[in-house]
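Thanks for coming. I will take a few parts of one structure in turn, beginning with the ligand site.

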Amino acid sequence: MINGRYPQPVVEAARQFPEAFQEEIAYAGPLAVAWAPGRVNIIGEHTDYNDGYVLPLAVDRVSAFAGRKRQDKTVRLWSAHFQAYAQFTLEDLPASFEAQRQTLPGWARYVLGVATELTRVGIALSGFDATLTGDVPLGGGMSSSASLEVATAYACLQFADGQHSIGDGGRLTKMEVAALCQRAEQIASGVMCGILDQAASCLGEPGKTALLDCRSLAYHYYPFEDPEVTIVVIDTSVRHDLAETAYNERREQCEEATCLLREAILNAEPENSSASEIKALRDITPEQFERYQYVLSEVLRKRAGYVVAEDARVLRVVEALKQNDFGIVGAILWDGHAGLRDEYEVSCPELDVLVDIAQQVPGVLGGRMMGGGFGGCTVNLVRREAVDALTQAVEQQYFPRTGRHASIDICRAAGGPGMAVWEAE
Ligand code: GAF
(Lines give C-alpha, C1' and ligand atoms only; values in the text may rest on other atoms or scores of the structure.)
Protein backbone atom coordinates (compact mmCIF):
# COMPACT_ATOMS: atom_id res chain seq x y z
CA MET A 1 0.00 0.00 0.00
CA ILE A 2 1.15 3.56 -0.65
CA ASN A 3 0.54 5.77 2.41
CA GLY A 4 -2.03 3.26 3.61
CA ARG A 5 -3.77 3.26 0.24
CA TYR A 6 -3.49 0.82 -2.62
CA PRO A 7 -2.13 1.98 -5.97
CA GLN A 8 -5.10 2.90 -8.18
CA PRO A 9 -4.79 -0.13 -10.54
CA VAL A 10 -5.16 -2.43 -7.51
CA VAL A 11 -8.44 -0.74 -6.62
CA GLU A 12 -9.53 -1.12 -10.22
CA ALA A 13 -8.58 -4.82 -10.33
CA ALA A 14 -10.53 -5.49 -7.13
CA ARG A 15 -13.53 -3.58 -8.47
CA GLN A 16 -13.56 -5.62 -11.68
CA PHE A 17 -13.15 -9.03 -10.09
CA PRO A 18 -16.82 -9.79 -9.28
CA GLU A 19 -17.86 -8.77 -12.80
CA ALA A 20 -15.14 -10.77 -14.48
CA PHE A 21 -15.69 -13.99 -12.55
CA GLN A 22 -19.10 -15.33 -11.61
CA GLU A 23 -18.64 -17.17 -8.36
CA GLU A 24 -19.48 -20.48 -9.94
CA ILE A 25 -16.85 -22.37 -7.98
CA ALA A 26 -16.30 -22.44 -4.29
CA TYR A 27 -13.34 -20.19 -3.73
CA ALA A 28 -10.90 -21.21 -1.07
CA GLY A 29 -9.93 -17.83 0.30
CA PRO A 30 -10.66 -14.10 0.48
CA LEU A 31 -10.05 -11.61 -2.30
CA ALA A 32 -6.33 -10.93 -2.38
CA VAL A 33 -4.35 -8.32 -4.27
CA ALA A 34 -0.76 -7.99 -5.46
CA TRP A 35 1.11 -5.36 -7.45
CA ALA A 36 4.58 -4.48 -8.73
CA PRO A 37 6.03 -1.35 -10.33
CA GLY A 38 7.60 -0.60 -13.68
CA ARG A 39 11.01 1.02 -13.81
CA VAL A 40 13.19 3.78 -15.09
CA ASN A 41 16.85 2.99 -15.63
CA ILE A 42 19.01 6.03 -14.95
CA ILE A 43 22.11 4.51 -16.57
CA GLY A 44 23.59 1.07 -17.28
CA GLU A 45 21.98 -0.17 -20.48
CA HIS A 46 22.84 -3.61 -21.87
CA THR A 47 25.29 -4.05 -19.02
CA ASP A 48 23.15 -6.50 -17.01
CA TYR A 49 23.83 -9.57 -19.16
CA ASN A 50 27.50 -8.60 -19.21
CA ASP A 51 27.62 -9.05 -15.42
CA GLY A 52 27.98 -5.27 -15.05
CA TYR A 53 26.26 -2.46 -13.16
CA VAL A 54 22.83 -0.87 -13.52
CA LEU A 55 21.21 2.06 -11.71
CA PRO A 56 17.42 1.80 -11.92
CA LEU A 57 14.54 2.99 -9.82
CA ALA A 58 10.97 1.76 -9.55
CA VAL A 59 8.31 4.22 -10.73
CA ASP A 60 4.84 5.05 -9.50
CA ARG A 61 3.15 2.89 -12.15
CA VAL A 62 2.19 -0.70 -11.40
CA SER A 63 0.80 -3.94 -12.75
CA ALA A 64 -1.90 -5.23 -10.42
CA PHE A 65 -3.77 -8.44 -9.65
CA ALA A 66 -6.93 -9.03 -7.66
CA GLY A 67 -8.03 -12.61 -7.28
CA ARG A 68 -9.21 -15.52 -5.26
CA LYS A 69 -7.66 -18.88 -4.65
CA ARG A 70 -9.43 -21.86 -6.19
CA GLN A 71 -9.75 -25.39 -4.90
CA ASP A 72 -8.25 -26.86 -8.04
CA LYS A 73 -5.11 -26.24 -10.15
CA THR A 74 -6.73 -23.99 -12.76
CA VAL A 75 -5.63 -20.40 -13.30
CA ARG A 76 -8.14 -18.10 -15.00
CA LEU A 77 -7.17 -14.55 -15.87
CA TRP A 78 -9.04 -11.50 -17.08
CA SER A 79 -6.92 -8.74 -18.63
CA ALA A 80 -8.65 -5.38 -18.39
CA HIS A 81 -6.25 -3.94 -20.96
CA PHE A 82 -6.79 -6.62 -23.59
CA GLN A 83 -10.43 -7.23 -22.57
CA ALA A 84 -9.67 -10.93 -22.80
CA TYR A 85 -9.62 -14.08 -20.72
CA ALA A 86 -6.88 -16.70 -20.63
CA GLN A 87 -6.71 -19.99 -18.80
CA PHE A 88 -4.07 -22.59 -18.00
CA THR A 89 -3.42 -25.32 -15.47
CA LEU A 90 -0.70 -25.66 -12.88
CA GLU A 91 -0.85 -29.46 -13.30
CA ASP A 92 2.37 -30.94 -14.46
CA LEU A 93 4.44 -27.76 -14.53
CA PRO A 94 7.20 -27.31 -15.57
CA ALA A 95 6.73 -30.24 -18.03
CA SER A 96 3.46 -28.84 -19.42
CA PHE A 97 4.89 -25.33 -19.90
CA GLU A 98 5.76 -25.41 -23.59
CA ALA A 99 2.54 -26.99 -24.81
CA GLN A 100 0.47 -24.55 -22.78
CA ARG A 101 2.56 -21.53 -23.75
CA GLN A 102 1.67 -22.00 -27.38
CA THR A 103 -2.05 -21.78 -26.66
CA LEU A 104 -1.85 -18.52 -24.68
CA PRO A 105 -1.81 -14.86 -25.72
CA GLY A 106 1.49 -13.05 -25.11
CA TRP A 107 0.46 -11.33 -21.85
CA ALA A 108 -0.68 -14.61 -20.23
CA ARG A 109 2.57 -16.33 -21.16
CA TYR A 110 4.40 -14.19 -18.60
CA VAL A 111 2.00 -15.35 -15.89
CA LEU A 112 2.44 -18.98 -16.93
CA GLY A 113 6.23 -18.45 -17.03
CA VAL A 114 6.32 -17.18 -13.46
CA ALA A 115 4.10 -20.01 -12.19
CA THR A 116 6.46 -22.43 -13.94
CA GLU A 117 9.56 -20.93 -12.36
CA LEU A 118 7.98 -20.82 -8.89
CA THR A 119 7.19 -24.51 -9.28
CA ARG A 120 10.77 -25.17 -10.33
CA VAL A 121 12.08 -23.66 -7.09
CA GLY A 122 9.79 -25.94 -5.10
CA ILE A 123 6.85 -23.71 -4.23
CA ALA A 124 3.50 -25.50 -4.30
CA LEU A 125 0.92 -23.27 -5.95
CA SER A 126 -2.87 -23.18 -5.82
CA GLY A 127 -5.06 -22.30 -8.75
CA PHE A 128 -6.75 -18.92 -8.75
CA ASP A 129 -9.01 -16.58 -10.69
CA ALA A 130 -7.68 -13.05 -11.10
CA THR A 131 -8.22 -9.76 -12.85
CA LEU A 132 -5.16 -7.92 -14.18
CA THR A 133 -4.91 -4.18 -14.60
CA GLY A 134 -2.09 -1.68 -14.67
CA ASP A 135 -0.86 1.76 -15.60
CA VAL A 136 2.63 0.91 -16.84
CA PRO A 137 2.44 1.81 -20.56
CA LEU A 138 2.55 -1.52 -22.42
CA GLY A 139 5.69 -1.87 -24.50
CA GLY A 140 6.50 1.75 -23.68
CA GLY A 141 9.95 1.10 -22.24
CA MET A 142 9.06 1.16 -18.53
CA SER A 143 9.14 -2.64 -18.26
CA SER A 144 5.50 -3.51 -18.27
CA SER A 145 6.36 -7.19 -18.71
CA ALA A 146 8.74 -7.26 -15.73
CA SER A 147 6.17 -5.54 -13.54
CA LEU A 148 3.60 -8.12 -14.62
CA GLU A 149 6.01 -10.95 -13.81
CA VAL A 150 6.88 -9.61 -10.37
CA ALA A 151 3.22 -8.90 -9.60
CA THR A 152 2.46 -12.47 -10.68
CA ALA A 153 5.08 -13.87 -8.32
CA TYR A 154 3.64 -11.90 -5.42
CA ALA A 155 0.09 -12.86 -6.39
CA CYS A 156 0.97 -16.57 -6.64
CA LEU A 157 2.60 -16.50 -3.23
CA GLN A 158 -0.36 -14.66 -1.76
CA PHE A 159 -2.84 -17.12 -3.29
CA ALA A 160 -0.65 -20.10 -2.33
CA ASP A 161 -1.51 -19.75 1.32
CA GLY A 162 -1.14 -16.12 2.22
CA GLN A 163 1.72 -17.03 4.50
CA HIS A 164 4.71 -16.70 2.20
CA SER A 165 6.68 -13.56 2.78
CA ILE A 166 9.40 -12.10 0.60
CA GLY A 167 12.45 -10.30 1.81
CA ASP A 168 14.37 -10.58 5.05
CA GLY A 169 13.65 -13.95 6.65
CA GLY A 170 10.95 -14.73 4.05
CA ARG A 171 10.50 -17.78 1.84
CA LEU A 172 12.29 -15.99 -1.02
CA THR A 173 14.57 -12.97 -1.08
CA LYS A 174 13.68 -10.05 -3.34
CA MET A 175 16.57 -10.95 -5.64
CA GLU A 176 15.45 -14.59 -5.81
CA VAL A 177 12.07 -13.33 -6.97
CA ALA A 178 13.79 -11.08 -9.51
CA ALA A 179 15.91 -13.96 -10.82
CA LEU A 180 13.02 -16.34 -11.25
CA CYS A 181 10.98 -13.62 -12.97
CA GLN A 182 13.93 -13.01 -15.31
CA ARG A 183 13.91 -16.73 -16.22
CA ALA A 184 10.14 -16.50 -16.70
CA GLU A 185 10.61 -13.63 -19.18
CA GLN A 186 13.22 -15.66 -21.05
CA ILE A 187 11.04 -18.76 -21.39
CA ALA A 188 7.87 -16.79 -22.09
CA SER A 189 9.31 -14.49 -24.76
CA GLY A 190 12.50 -16.15 -26.02
CA VAL A 191 14.47 -12.98 -25.25
CA MET A 192 17.58 -13.79 -23.24
CA CYS A 193 17.13 -10.70 -21.10
CA GLY A 194 19.27 -9.74 -18.13
CA ILE A 195 18.00 -9.09 -14.63
CA LEU A 196 17.71 -5.29 -14.78
CA ASP A 197 13.95 -4.89 -15.18
CA GLN A 198 12.82 -7.52 -12.69
CA ALA A 199 15.38 -6.41 -10.10
CA ALA A 200 14.36 -2.76 -10.49
CA SER A 201 10.75 -3.68 -9.82
CA CYS A 202 11.58 -5.87 -6.80
CA LEU A 203 14.00 -3.36 -5.25
CA GLY A 204 11.80 -0.26 -5.49
CA GLU A 205 12.19 2.20 -2.61
CA PRO A 206 10.55 5.64 -2.53
CA GLY A 207 13.02 8.41 -3.37
CA LYS A 208 15.88 6.00 -4.05
CA THR A 209 17.77 4.41 -6.90
CA ALA A 210 19.54 1.06 -6.51
CA LEU A 211 23.05 0.44 -7.78
CA LEU A 212 22.96 -3.25 -8.64
CA ASP A 213 25.97 -5.43 -9.35
CA CYS A 214 24.46 -7.89 -11.83
CA ARG A 215 27.11 -10.50 -11.07
CA SER A 216 26.99 -10.71 -7.29
CA LEU A 217 23.40 -9.35 -7.17
CA ALA A 218 24.51 -7.08 -4.32
CA TYR A 219 22.76 -3.70 -4.30
CA HIS A 220 23.07 -0.40 -2.56
CA TYR A 221 20.53 2.42 -2.44
CA TYR A 222 21.29 6.07 -3.18
CA PRO A 223 18.86 8.96 -2.71
CA PHE A 224 17.37 10.11 -5.99
CA GLU A 225 15.19 12.92 -4.90
CA ASP A 226 15.94 16.52 -5.69
CA PRO A 227 12.93 18.84 -5.68
CA GLU A 228 14.57 20.79 -8.51
CA VAL A 229 15.09 17.80 -10.83
CA THR A 230 12.24 15.96 -12.54
CA ILE A 231 12.37 12.56 -14.28
CA VAL A 232 10.60 12.90 -17.61
CA VAL A 233 9.91 9.79 -19.69
CA ILE A 234 8.95 10.39 -23.32
CA ASP A 235 7.43 7.54 -25.28
CA THR A 236 8.25 7.45 -29.01
CA SER A 237 5.10 5.37 -29.66
CA VAL A 238 7.36 3.02 -31.63
CA ARG A 239 6.66 -0.42 -30.23
CA HIS A 240 9.59 -2.74 -30.09
CA ASP A 241 9.48 -6.49 -29.91
CA LEU A 242 12.76 -7.46 -28.38
CA ALA A 243 12.46 -11.01 -29.70
CA GLU A 244 12.33 -9.71 -33.24
CA THR A 245 15.19 -7.34 -32.79
CA ALA A 246 18.86 -7.86 -32.39
CA TYR A 247 18.79 -8.20 -28.59
CA ASN A 248 19.92 -11.83 -28.49
CA GLU A 249 22.45 -11.08 -31.23
CA ARG A 250 23.95 -8.26 -29.12
CA ARG A 251 24.28 -10.65 -26.23
CA GLU A 252 26.08 -13.21 -28.37
CA GLN A 253 28.40 -10.54 -29.75
CA CYS A 254 29.37 -9.53 -26.22
CA GLU A 255 30.15 -13.15 -25.34
CA GLU A 256 32.25 -13.55 -28.46
CA ALA A 257 34.16 -10.33 -27.75
CA THR A 258 34.82 -11.50 -24.18
CA CYS A 259 36.36 -14.77 -25.41
CA LEU A 260 38.60 -12.99 -27.93
CA LEU A 261 39.77 -10.37 -25.44
CA ARG A 262 40.47 -12.99 -22.76
CA GLU A 263 42.51 -15.04 -25.21
CA ALA A 264 44.51 -11.99 -26.29
CA ILE A 265 45.21 -10.96 -22.69
CA LEU A 266 46.16 -14.52 -21.67
CA ASN A 267 48.58 -14.78 -24.61
CA ALA A 268 50.16 -11.39 -24.04
CA GLU A 269 50.27 -11.54 -20.25
CA PRO A 270 50.79 -15.20 -19.21
CA GLU A 271 51.85 -14.01 -15.75
CA ASN A 272 48.53 -12.16 -15.26
CA SER A 273 46.60 -14.61 -13.08
CA SER A 274 43.40 -12.54 -13.12
CA ALA A 275 43.15 -12.90 -16.91
CA SER A 276 41.90 -16.47 -16.60
CA GLU A 277 39.10 -15.10 -14.41
CA ILE A 278 37.68 -13.01 -17.24
CA LYS A 279 34.13 -14.27 -17.72
CA ALA A 280 32.26 -11.28 -19.08
CA LEU A 281 32.89 -7.78 -20.46
CA ARG A 282 32.49 -6.56 -16.89
CA ASP A 283 35.97 -7.99 -16.23
CA ILE A 284 37.68 -5.97 -18.98
CA THR A 285 39.04 -2.64 -17.79
CA PRO A 286 38.92 0.41 -20.11
CA GLU A 287 42.75 0.21 -20.30
CA GLN A 288 42.72 -3.46 -21.31
CA PHE A 289 40.07 -2.69 -23.89
CA GLU A 290 42.22 0.07 -25.41
CA ARG A 291 45.20 -2.20 -25.54
CA TYR A 292 43.62 -5.35 -26.95
CA GLN A 293 40.68 -4.12 -29.03
CA TYR A 294 42.73 -4.74 -32.19
CA VAL A 295 41.81 -8.46 -31.95
CA LEU A 296 38.14 -7.61 -32.50
CA SER A 297 36.26 -7.05 -35.73
CA GLU A 298 34.86 -3.55 -36.27
CA VAL A 299 31.41 -4.62 -35.07
CA LEU A 300 32.65 -6.43 -31.97
CA ARG A 301 34.93 -3.52 -31.15
CA LYS A 302 31.96 -1.16 -31.15
CA ARG A 303 29.76 -3.47 -29.08
CA ALA A 304 32.39 -4.28 -26.45
CA GLY A 305 33.68 -0.69 -26.36
CA TYR A 306 30.21 0.55 -25.57
CA VAL A 307 29.69 -1.94 -22.72
CA VAL A 308 33.07 -1.29 -21.10
CA ALA A 309 32.42 2.47 -21.25
CA GLU A 310 28.83 2.13 -20.00
CA ASP A 311 29.91 0.24 -16.89
CA ALA A 312 32.33 3.06 -16.13
CA ARG A 313 29.54 5.60 -16.73
CA VAL A 314 27.33 3.92 -14.12
CA LEU A 315 30.03 4.27 -11.49
CA ARG A 316 30.68 7.89 -12.49
CA VAL A 317 26.97 8.68 -12.14
CA VAL A 318 26.99 7.17 -8.65
CA GLU A 319 29.91 9.41 -7.69
CA ALA A 320 28.07 12.44 -9.07
CA LEU A 321 24.92 11.48 -7.16
CA LYS A 322 26.90 11.36 -3.95
CA GLN A 323 27.75 15.03 -4.62
CA ASN A 324 24.12 15.69 -5.62
CA ASP A 325 25.54 16.99 -8.92
CA PHE A 326 22.76 16.39 -11.42
CA GLY A 327 24.61 18.48 -14.01
CA ILE A 328 27.29 15.79 -14.24
CA VAL A 329 24.71 13.00 -14.12
CA GLY A 330 22.92 14.59 -17.06
CA ALA A 331 26.09 15.00 -19.12
CA ILE A 332 26.85 11.30 -18.65
CA LEU A 333 23.34 10.41 -19.85
CA TRP A 334 23.90 12.29 -23.14
CA ASP A 335 27.12 10.28 -23.60
CA GLY A 336 25.29 7.07 -22.87
CA HIS A 337 22.81 7.82 -25.65
CA ALA A 338 25.57 8.49 -28.14
CA GLY A 339 27.10 5.10 -27.30
CA LEU A 340 23.79 3.28 -27.67
CA ARG A 341 23.18 5.01 -31.01
CA ASP A 342 26.61 4.83 -32.62
CA GLU A 343 28.36 1.85 -31.06
CA TYR A 344 25.75 -0.50 -29.70
CA GLU A 345 23.38 0.48 -32.54
CA VAL A 346 20.13 -0.16 -30.68
CA SER A 347 18.54 3.27 -31.10
CA CYS A 348 16.06 4.27 -33.84
CA PRO A 349 15.36 7.58 -35.62
CA GLU A 350 12.45 8.47 -33.31
CA LEU A 351 14.55 8.00 -30.16
CA ASP A 352 17.33 10.09 -31.68
CA VAL A 353 14.85 12.85 -32.55
CA LEU A 354 13.56 12.94 -28.96
CA VAL A 355 17.10 13.20 -27.59
CA ASP A 356 17.95 15.87 -30.14
CA ILE A 357 14.87 17.92 -29.19
CA ALA A 358 15.70 17.59 -25.48
CA GLN A 359 19.28 18.70 -26.08
CA GLN A 360 18.05 22.03 -27.47
CA VAL A 361 15.99 22.90 -24.39
CA PRO A 362 17.82 24.89 -21.71
CA GLY A 363 17.37 23.23 -18.34
CA VAL A 364 17.28 19.68 -19.66
CA LEU A 365 20.28 18.24 -17.85
CA GLY A 366 20.54 14.99 -19.79
CA GLY A 367 18.62 12.27 -21.55
CA ARG A 368 18.98 9.05 -23.42
CA MET A 369 17.06 6.14 -24.87
CA MET A 370 16.11 3.66 -22.20
CA GLY A 371 15.78 -0.11 -22.14
CA GLY A 372 16.46 -2.59 -24.92
CA GLY A 373 16.05 -0.03 -27.69
CA PHE A 374 14.58 -0.01 -31.23
CA GLY A 375 11.63 1.97 -29.86
CA GLY A 376 10.12 2.60 -26.45
CA CYS A 377 11.09 5.74 -24.61
CA THR A 378 13.75 8.19 -23.51
CA VAL A 379 14.50 9.14 -19.92
CA ASN A 380 15.37 12.78 -19.24
CA LEU A 381 16.52 14.66 -16.16
CA VAL A 382 14.98 18.08 -16.33
CA ARG A 383 15.12 21.14 -14.13
CA ARG A 384 11.64 21.67 -12.71
CA GLU A 385 11.19 25.00 -14.40
CA ALA A 386 12.17 23.54 -17.80
CA VAL A 387 9.56 20.75 -17.90
CA ASP A 388 6.99 22.91 -19.69
CA ALA A 389 9.53 24.06 -22.28
CA LEU A 390 10.51 20.45 -22.99
CA THR A 391 6.86 19.43 -23.29
CA GLN A 392 6.21 22.26 -25.75
CA ALA A 393 9.31 21.46 -27.79
CA VAL A 394 8.25 17.82 -28.11
CA GLU A 395 4.68 18.79 -29.01
CA GLN A 396 5.90 21.21 -31.67
CA GLN A 397 8.71 19.23 -33.23
CA TYR A 398 8.21 15.49 -32.76
CA PHE A 399 5.23 14.97 -35.07
CA PRO A 400 6.60 17.09 -37.95
CA ARG A 401 9.91 15.24 -37.73
CA THR A 402 8.59 11.68 -37.34
CA GLY A 403 4.90 11.56 -38.27
CA ARG A 404 4.16 10.15 -34.83
CA HIS A 405 2.82 11.41 -31.53
CA ALA A 406 4.89 11.15 -28.37
CA SER A 407 3.49 10.93 -24.86
CA ILE A 408 5.17 12.48 -21.87
CA ASP A 409 5.17 11.10 -18.33
CA ILE A 410 6.57 12.63 -15.16
CA CYS A 411 7.83 9.87 -12.86
CA ARG A 412 9.23 9.64 -9.38
CA ALA A 413 11.18 6.97 -7.54
CA ALA A 414 8.55 4.83 -5.85
CA GLY A 415 8.17 1.75 -3.67
CA GLY A 416 8.39 -1.89 -4.68
CA PRO A 417 5.84 -4.70 -4.95
CA GLY A 418 3.18 -5.58 -2.43
CA MET A 419 0.55 -8.15 -1.60
CA ALA A 420 -2.36 -8.10 0.81
CA VAL A 421 -5.76 -9.46 1.61
CA TRP A 422 -8.08 -6.91 0.03
CA GLU A 423 -9.75 -4.49 2.35
CA ALA A 424 -12.15 -2.14 0.64
CA GLU A 425 -11.17 1.46 1.28
C1 GAF B 1 15.75 -4.97 -21.77
C2 GAF B 1 16.14 -6.22 -21.01
F3 GAF B 1 15.03 -6.90 -20.61
C4 GAF B 1 17.03 -5.90 -19.82
O5 GAF B 1 17.48 -7.08 -19.21
C6 GAF B 1 18.22 -5.04 -20.24
O7 GAF B 1 19.20 -5.79 -20.91
C8 GAF B 1 17.74 -3.86 -21.09
O9 GAF B 1 16.92 -4.28 -22.17
C10 GAF B 1 18.91 -3.09 -21.65
O11 GAF B 1 19.65 -2.53 -20.62
O12 GAF B 1 14.94 -4.12 -20.99
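Around the ligand, the shell consists of three nonpolar, four polar and three charged residues. This is a predicted model. The residues surrounding the ligand are E45, H46, D48, Y49, C193, G194, L196, D197, G371 and G372.

Next, helix α1. It covers residues 8-20, which is 13 residues, and at 1.5 Å a residue it should span 18 Å; the C-alpha atoms at its ends are 18 Å apart, so the two agree. Which residues of α1 are buried? They are P9, V10, A13, A14 and F17. In an α-helix there are 3.6 residues a turn, so residues three or four places apart point the same way.

Now a helix pair. Helix α7, residues 247-268, packs with helix α9, residues 298-322, at an angle of about 95°, and their axes are 9 Å apart. Because angles from 65 to 115 degrees count as roughly perpendicular, α7 is roughly perpendicular to α9. On the α7 side the contact is made by R250, Q253, C254, E256, A257 and L261, and on the α9 side by V299, L300, R303, A304 and V307. Seven residues of this contact are nonpolar, one is polar and three are charged.

Last, a single residue. Y222 sits in strand β7, residues 219-223. Is Y222 buried or partly exposed? Y222 has 16 C-beta neighbours inside 10 Å, so it counts as partly exposed. Its contacts, leaving out residues up to four places away in sequence, are K208, T209, L211, V318 and L321. A210 is 12 residues from Y222 along the chain, and their C-alpha atoms are separated by 6.3 Å.

Definitions and conventions. Residues numbered from 1 in each chain as written. Predicted model: local features only at pLDDT ≥ 70, side-chain atom pairs only at ≥ 80, totals over all residues. Near = placed C-beta within 6 Å. Nonpolar A, V, L, I, M, F, W, Y, C, P; charged D, E, K, R; others polar. Helix = DSSP H or I, 4+ residues; strand = E, 2+ residues; numbered from the N terminus. Expected span 1.5 Å × (residues − 1). Buried ≥ 20, exposed ≤ 12 C-beta atoms within 10 Å, placed from the backbone. Axes fitted to C-alpha atoms, helices over the stretch in contact; angles between N-to-C directions. Parallel < 35°, antiparallel > 145°, perpendicular 65-115°, else oblique. Contact = placed C-beta atoms within 7 Å.
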